[in-house]
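The stops below follow selected charged pairs through the structure.

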Amino acid sequence: MLHTPAPTDIAATDARVRPTTTAPREYVHRAALAEVFLTADWSRTDEAHFTMKAQWPRGHSFFGPVGGTHYDPMLAAETIRQVGALLAHVGFDVPLGHQFLMWELNYRVQPSRLPVGGAPAELRLDVTCSDIRRRAGRLTGLRYEVLLSENGREIAGGDARYTCTSPEVYRRLRADRLAEPLAAPAPTAPVAPRRVGRRDDFDVVLSPTERDDRWRLRVDTRHPILFDHPGDHIPGMVLLEAARQAVHTLAPEGRAVLPVAMDATFHRYAEFDSPCWIETEPAVGYPGSAERLVRVTGRQDGEILFTSITTVADLPTA
């Protein structure tokens, strides 16, 4: 005999309420369903304005609560990244299989509005597109801004800019890298996890050098979040995580800090077969503020790979 479970407070009593589903994982360029933060609830106001929804999990294997109390601001960065991919496919008819290159990704959060509550954060995303570029009727790139709010209150915002190319053009651009799949590089030794705000070596993306302000990027393609699917170059989110971890080394040991804002610019592809070096410059403080600014630069083969300016703040006190 089948047992019919009793309704819970999660069950909708209004039959008109539709069940929440995630956006198709292919539309946000993720292989694992668990890593899709956007839902399938999106709408378009006009050519340049969209409304989307997202959910942030209370616990995550990588973007876990900072200090055990506050949502990881890097969730905002990943959410903004996913918005760009979804926009291209559902808003501008970019076919699956096209390649995207992120040139800029910036975010900011309001720390006092990031405490983890008793249920996953249900977010509304108001998206505005600009600098929409097309060639022969096909989207080749755009800039977009995202305002993230929960229960009518803004909690975060940001913007990004990317270009996209067809598989044929991408093969021409990356022919030397696509000719033969590269063997996964052996991960270098990690910095002590505690120094970069992590608990496990597996989640550390920095390797120590003889200098306190310089590290080698630690690449481990077995990581299921940072390397969600195979690729011919190191993902941009790995570089953002490297910037976050580098900034964390400047905090007193054992203190949890929030990267409350980051302005990142990517200059070229990050390749697997050459060391990438991550450097920080001394922190700069805002007059009269506890927030600090830190510049992080990534270099590979003597060229600048990416730069970021990160604003760091201590966890808000209760």
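Select Glu26 first: this residue is partly exposed, with a relative accessible area of 41%; partly exposed denotes the range between buried (under 20% relative accessible area) and exposed (over 50%), with a 1.4 Å probe and protein chains only.

The model is predicted: local features need pLDDT of at least 70 and side-chain atom pairs pLDDT 80 or more, whereas totals for chains, interfaces and linings use all residues. Residues are numbered from 1 along each chain as its sequence is written, and side-chain values use heavy atoms, without hydrogens and water.

Next, select Glu47 and Arg134, which form a salt bridge with 2.7 Å between the closest N and O atoms. Glu47 lies in the loop between strand 1 (43-46) and strand 2 (49-56), and Arg134 in strand 4 (residues 121-135), 87 residues apart. Strands are DSSP runs of E, at least two residues long, and helices are runs of H or I of at least four, both numbered from the N terminus.

Then move to Asp72 and Arg244, whose side chains meet in a salt bridge at 2.8 Å, N to O. Asp72 is in the loop between strand 2 and helix 1 (74-91) and Arg244 is in helix 4 (residues 236-248), so the pair ties together parts 172 residues apart in sequence. Both Asp72 and Arg244 are buried.

Key: Salt bridge = Lys/Arg side-chain N within 4 Å of Asp/Glu carboxyl O.
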